[in-house]
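Open the model in your viewer and switch to a cartoon view.

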Amino acid sequence: MHVLISGVLPLGPTDIVPSVVTGPLNQLVDEGTNVDFFCEVKGSPEPSVSWFLNDDDFSLQSTARISITQTGLTSHLTISNATVNDKGMYKCVATSKIGTASEEAELKVNGKFFVVERSQP
């Protein structure tokens with residue numbers, strides 16, 4: 001008997017479809033703080049992890065402010081000095097040759113407010 005998942009290769013005796021064990025958590029932060037998202041996955045063969053913002057077709061990549069690392073089956077996304085432009089839904093996607101799984105979390109960023117005092121004429 002062969003099981004076919006999402007139109008991919010048939011499962012072998014040691015294959016385990018990817019799953020997200022612990023997904024990222026919703027966060028509310030103040031502008032200027034650092035944000036950390038974690039995503040722990042499992043599967044065999046070992047799935048790779050990609051991160052997406054909102055419904056973008058292209059995965060996030062490491063930049064001067066965004067760091068993506070993977071240690072074993074845990075992926076870590078760090079956003080340094082968060083701005084209101086970083087708000088949105090962050091999705092962790094685990095992918096292997098036999099399937100995919102995903103979890104997402106919302107990031108809300110409180111902007112900084114400035115009080116301007118005017119002198120009376």
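Each stop below says what to select and what is there.

This is a predicted model, in which local features need pLDDT of at least 70, side-chain atom pairs count only at pLDDT 80 or more, and totals for chains, interfaces and linings use all residues. Residues are numbered from 1 along each chain as its sequence is written, and side-chain values use heavy atoms, with hydrogens and water left out.

**Whole chain.** Select everything. The chain has 0 helices and 8 strands; helices (H or I, at least four residues) and strands (E, at least two) are DSSP runs, numbered from the N terminus. Now colour by burial. Of the 121 residues, 28% are buried, meaning under 20% relative accessible area with a 1.4 Å probe, protein chains only. Next, show contacts (heavy atoms within 4.5 Å). Among those between residues at least 6 apart in sequence, 60% join residues at least 24 apart.

**The sheet.** Find the open sheet of 4 strands, whose order is β1-β3-β6-β5 with antiparallel pairing. Two strands pair if DSSP finds at least two bridges between them. Select 16-22 for β1 and 66-71 for β5: these are the edge strands, and each pairs on one side only. Strands of a sheet pair through backbone hydrogen bonds, either parallel or antiparallel.

**One pair.** Finally, pick Thr69 and look across to β6, where His76 stands opposite.

Terms used
Buried means under 20% relative accessible area, exposed over 50%, partly exposed in between (1.4 Å probe, protein chains only).
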